[in-house]
Amino acid sequence: MATARKQRIFKTDRRIRLGIWGLGRGLSFFKACHDLNVDVVAGCDFNEHMRRRFAELVPEAFVTDKAEDFLNHDMDAVLVSTFCPAHAGDALAALQAGKHVLSEVTAFHTMAEGVQLVEAVERSGLVYNMTENYPWNPNHAWCARKWAEGLFGDFMYAECNYVHNCRTLVYTYIDGVPVMPGDRLHNWRSWLNFHYYNTHSLGPVMVITGTRPTRVVSLPSPVHLPGYPEKGPDGMGGIAPSLITMDNGGIVRNLMGSTTNDSYAYRLWGTRGAIEIDWRMGGMFLRLGGGGESPRIRIEPKGDRLAELARSMGHGGGDFYVLYFFAREILTGEPAFFDVYRSADCTIPGILAYRSAVENGRPFDVPDFRKKRERDKWRNDHSAQPHLDPDKSVFPRGADPAVAQRFDAVMKALIHRADLTRAWLDWSSVADVATDVAPIVAVGDKLIAEHREVVNTLRAARELANAYPRALGARLLNEVLDLAGEKAVLADGFLRRVRSQSRRLKRRAATK
Ligand SMILES: NC(=O)c1ccc[n+]([C@@H]2O[C@H](COP(=O)([O-])OP(=O)(O)OC[C@H]3O[C@@H](n4cnc5c(N)ncnc54)[C@H](O)[C@@H]3O)[C@@H](O)[C@H]2O)c1
């Protein structure tokens with residue numbers, strides 16, 4: 001940080017007074033604020049523990065749980081980091097209060113909200129940006145520059161993945177604290193279909209290739225992971241793939257969802273060259289030379305002069321850059337990539353992909369909200385995903401609160417234990433064909449060390465599930481107990497068998 005301060009990013013002493021609305025993810029932007037001429041002067045959150053954490057970080061800032069008091073505070077800009085489906089409404093309120101807006105992804109939840117948001121930004125003359133941060137790590141940003149220079153030719157096809165099994169977040173806030181009251185589900189991570197959360201995969205392709213989506217289609221996929229509340233093509237906990245035509249005719253296969261192999265990978269094909277980015281598979285590779293078998297080499301772009309400072313922040317520097325672009329637009333007028341129109345371009349294919357899937361694969365044109373004529377077609381389209389009521393208990397009315405409100409904490413622990421026991425049960429069953437048994441040995445060691453807690457968690461979950469057996473809470477507990485292999489893990493002699501299998505695996509590892 002010390003080196004960066006010396007290099008002075010903007011040639012002005014003007015400072016931006018920023019309020020943060022939603023103090024979970026909203027606090028990720030802190031580190032860079034000072035260097036980007038941003039002073040955090042206010043914070044707002046319903047959650048007491050989040051307000052406390054914020055007050056420790058910025059004791060001089062105004063902090064409240066009341067949106068009205070927050071918006072009336074003397075400040076220039078608001079970071080909207082509230083519940084995902086509420087972003088448009090909250091951004092509109094902030095614009096109305098005369099504040100520039102940096103909105104978390106995604107920009108809006110319904111097409112009608114999108115129209116309202118675009119027109120409110122146009123009327124206000126204020127800066128609106130969306131914090132789509134995945135395109136701005138040094139690799140994506142380098143690719144975008146080289147794509148614009150013509151290195152990869154015309155865009156043909158891309159496959160991009162934002163596959164993230166975030167099952168515990170159905171039951172906790174982002175800081176791991178169980179949802180309160182403890183018998184409720186997370187406000188939106190308990191139901192929002194993954195199609196809606198499409199910007200981390202589509203955003204980088206838009207930035208790298210400079211194209212915008214024009215048409216989208218998707219098929220329903222009703223298979224879900226256990227431990228997610230909503231089943232069927234609605235709901236969270238399954239996969240959400242769509243095909244998107246871009247304005248040059250190229251196609252994107254955009255995959256979001258929650259399944260058993262997280263993936264944040266991007267593969268792009270142009271007429272002259274191709275890009276593959278996957279950190280789990282060794283980084284970024286280019287195939288240059290215009291042919292299918294052309295040389296394929298790993299590259300390491302250095303990043304621009306801000307890269308070192310950016311790296312100290314989350315998401316490979318992406319969090320730094322979205323704040324940088326926002327401050328730059330306010331201070332100098334230079335526009336950010338994700339202005340309100342591109343935020344709409346990126347958000348709409350998610351909304352319409354969900355629609356397409358529930359309408360069994362009906363294709364939708366992606367309107368261009370820069371044009372009033374196209375906005376008019378969607379102005380009154382309020383349709384949104386039907387969903388469970390997250391403010392309702394997962395146990396019946398009249399359930400003993402002392403019992404029911406243990407639910408989220410038990411679920412959180414149960415999911416962690418199930419990750420461990422299932423990994424052991426399944427990997428130990430095929431260890432004979434594994435080329436490297438060290439990770440299986442590590443799972444076994446952890447299971448032996450935590451065995452007592454594992455048993456206690458499974459018993460607590462069983463007791464809670466049996467207390468109200470027909471409730472949604474019981475169904476969720478039973479699904480994860482089944483995933484955890486409850487019967488096998490609680491059977492006599494389980495620990496003894498883990499120990500002896502683990503010893504055999506260690507001997508095998510030592511003889512290699
Ligand atoms: N860009 C990224 O990499 C990234 C990563 C995580 C989350 N996000 C986005 O950031 C947003 C926030 O994420 P989160 O993980 O903190 O989720 P969250 O939904 O759990 O947190 C939102 C916070 O805002 C508070 N809140 C909501 N509405 C409020 C209101 N009207 N007044 C006061 N407080 C209010 C809630 O109490 C909660 O603490 C989400 O919409 C998510 O889409 C983006």
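**Grounds for the descriptions**

Me: What makes His-387 partly exposed?
Reply: This is a predicted model, in which local features need pLDDT of at least 70, side-chain atom pairs count only at pLDDT 80 or more, and totals for chains, interfaces and linings use all residues. Residues are numbered from 1 along each chain as its sequence is written. A residue is buried if 20 or more other C-beta atoms, placed from the backbone, lie within 10 Å of its own, exposed if 12 or fewer, and partly exposed in between. His-387 has 17 C-beta neighbours inside 10 Å, so it counts as partly exposed.

Me: Where is His-387 placed, and which residues does it touch?
Reply: His-387 is in the loop between helix 12 (372-378) and helix 13 (401-404). Helices (H or I, at least four residues) and strands (E, at least two) are DSSP runs, numbered from the N terminus. Not counting residues up to four places away in sequence, His-387 touches Trp-191 and Glu-230; contact requires C-beta atoms, placed from the backbone, within 7 Å. The C-alpha atoms of His-387 and Gly-235 are separated by 7.2 Å, although these residues are 152 apart along the chain.

Me: What makes the chain as compact as a globular protein of its length?
Reply: The secondary structure of the chain comes to 19 helices and 15 strands. Its radius of gyration is 24 Å, close to the 24 Å that the globule rule gives for 512 residues, so the chain is as compact as a globular protein of that length. The radius is taken over C-alpha atoms, and the rule is 2.2 Å times the number of residues to the power 0.38. Along its principal axes the C-alpha trace spans about 70 × 60 × 55 Å, and 46% of the 512 residues count as buried.

Me: Why is helix 8 called largely enclosed?
Reply: In helix 8 (residues 199-209), 11 of the 11 residues are buried, so the helix is largely enclosed by the rest of the structure. Among these buried residues are His-200, Leu-202, Pro-204 and Ile-208. The cover over them includes helix 7 (138-149), strand 7 (155-163), strand 9 (239-246) and helix 11 (340-358). Just after helix 8, Gly-210 takes a positive phi of about 70°.

Me: How do you know that the ligand lies between domain 1 and domain 2?
Reply: Domain 1 (2-130) and domain 2 (134-303 + 336-368) both give residues to the shell around the ligand, so the ligand lies between them. The domain bounds come from an automatic or database domain assignment. There are 23 residues around the ligand, and Gly-22, Gly-24, Arg-25, Cys-84 and Ile-174 come nearest; a residue is near if its C-beta atom, placed from the backbone, lies within 6 Å of the molecule. By class, the shell has 11 nonpolar, 9 polar and 3 charged residues. Here Ala, Val, Leu, Ile, Met, Phe, Trp, Tyr, Cys and Pro count as nonpolar, Asp, Glu, Lys and Arg as charged, and the others, Gly among them, as polar.

Me: How far apart are domain 2 and domain 3, and how many residues does each give to their contact?
Reply: The C-alpha centres of domain 2 and domain 3 lie 32 Å apart. The contact takes 12 residues from domain 2 and 16 residues from domain 3. On the side of domain 2 that touches domain 3, there are 6 nonpolar, 4 polar and 2 charged residues.

Me: What makes a set of residues a nonpolar core, and which have the most contacts inside the largest one?
Reply: A nonpolar core is a set of buried Ala, Val, Leu, Ile, Met, Phe, Trp, Tyr and Cys residues joined through C-beta atoms within 7 Å. The largest has 145 residues, and those with the most contacts inside it are Leu-117, Leu-323 and Leu-414. Leu-414 touches Thr-457, Ala-461, Leu-477, Val-480 and Ala-484, not counting residues up to four places away in sequence.

Me: Why is Asn-360 called exposed, whereas Asn-37 is partly exposed?
Reply: Asn-360 has 10 other C-beta atoms within 10 Å, so it is exposed. Asn-37 has 18 C-beta neighbours inside 10 Å and therefore counts as partly exposed. Asn-360 lies in the loop between helix 11 and strand 15 (364-365), and Asn-37 in the loop between helix 2 (30-33) and strand 2 (38-44). Phi is positive at Asn-37, about 60°, although this residue is not a glycine.

Definitions and conventions. Two residues are in contact if their C-beta atoms, placed from the backbone, lie within 7 Å.
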